Amino acid sequence: MRLGAELGKSVVYQETNGETRVEIKESVRGQDIFIIQTIPRDVNTAVMELLIMAYALKTSCARNIIGVIPYFPYSKQSKMRKRGSIVCKLLASMLAKAGLTHIITMDLHQKEIQGFFSFPVDNLRASPFLLQYIQEEIPDYRNAVIVAKSPGAAKRAQSYAERLRLGLAVIHGEAQCTEQDMDDGRHSPPMLKNATVHPGLELPLMMAKEKPPITVVGDVGGRIAIIVDDIIDDVESFVAAAEILKERGAYKIFVMATHGLLSADAPRLIEESSIDEVVVTNTVPHEVQKLQCPKIKTVDISLILSEAIRRIHNGESMAYLFRNITVDD
């Protein structure tokens, strides 16, 4: 609608046996095609729809096939975990094989994911929209402090704090459970009781990791606490962080993130928690969750996506969309 262009004519549907079928209803030969695919609850069906449509356009001789995927699925599975796999790399290879030539996405969970692709990826940022929301919708935001709910989120929080000229606080301790805490297979195979070790292979004794008691590094007493992150999915860690901040004297607590997945009982847990407001963008549909929890607010980021589409189609520079964006954002 912002671009004044009409939607292309296509049909996507599920057959009675569960297979996905895509039919392109007009000529796409020699054209730039943008496939806009948001990721609903059924992630795997959405991925298959995207792959099949891209392949259908490729076989119909489209010149360029650009995927507009505001939230890139499987982005949390971008590191090797024990005997698992890097699913995000697999998905990147599948998209390339299906025929995509470019991707527009927003706030990848790890920026290194761009290296998985064999074609260009524009990783847009939602932070300007969230910063604008803070400045316009939180009247006394000057009395706020930006909070990282774990040390791993400190860089993002610092980026927000520096641009808003606000203080920074970091929650650290045993209540947090981050991706870094997961077993990555370094202790595999397990040590056997009577195992014999070759003298030349003796390794230093590994000390067990033990988290310190929960602490808040930074002063939040009498302040508004704004927790920032990239994804809100399971909200238990955010609720626990809010309780800690409340105990330390914060009188109002906001949670801000780009992608509001809000799975399972997230709306109910937010409604019953100390969190005053959860602010997310519309990269992922969450209308049902908003009906269940009035604390959830939405920031529209369609403007930057439509401008990215226009610039790519016209062969213009994308630098303007990344102005004032820091490396850690």
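The legends below describe a series of views of one predicted protein model, from the whole chain to single residues.

This is a predicted model, in which local features need pLDDT of at least 70 and side-chain atom pairs count only at pLDDT 80 or more, whereas totals for chains, interfaces and linings use all residues. Residues are numbered from 1 along each chain as its sequence is written, and side-chain values use heavy atoms, with hydrogens and water left out.

View 1. Helices (H or I, at least four residues) and strands (E, at least two) are DSSP runs, numbered from the N terminus. Along the principal axes, the C-alpha atoms fill a box of roughly 65 × 65 × 40 Å. Of the 329 residues in the chain, 44% are buried, where buried means under 20% relative accessible area, exposed means over 50%, and partly exposed lies in between (1.4 Å probe, protein chains only). Among the contacts (heavy atoms within 4.5 Å) with a separation of 6 or more, 66% join residues 24 or more positions apart.

**View 2. Residues 2-99, a span annotated in UniProt.** An unreviewed UniProt entry places the feature "domain: Ribose-phosphate pyrophosphokinase N-terminal" at these residues; such annotations may be inferred rather than shown by experiment, and the positions are given in the numbering used here, with feature names shortened. The span is 30% helix and 21% strand, and its end C-alpha atoms lie 27 Å apart.

**View 3. Helix α1, residues 43-59, and its surroundings.** This helix of 17 residues reaches 25 Å from its first C-alpha to its last, close to the 24 Å expected at 1.5 Å a residue, the expected span being 1.5 Å times one less than the number of residues. Its buried residues are Ala 46, Val 47, Leu 50, Leu 51, Met 53, Ala 54, Ala 56 and Leu 57, and they pack against β1 (10-14), β2 (20-24), β3 (32-36), β4 (64-69) and α2 (87-98). Met 48 is also found in α1, but it counts as partly exposed because its relative accessibility is 39%. After the helix comes Cys 61, whose phi is positive, near 70 degrees.

**View 4. Helix α4, residues 154-164, and what covers it.** The buried residues here are Arg 156, Ala 157, Ser 159, Tyr 160, Ala 161 and Leu 164. Their cover includes α3 (127-137), β7 (144-148), β8 (167-172) and β10 (224-232). Arg 165 follows the helix and has a positive phi, near 60 degrees.

View 5. Most residues other than glycine have a negative phi.

**View 6. Ser 118, in the loop between β5 (102-106) and β6 (121-124).** Ser 118 counts as exposed because its relative accessibility is 66%. Although Ser 118 and Ser 93 are 25 residues apart in sequence, their C-alpha atoms are 7.8 Å apart in space.
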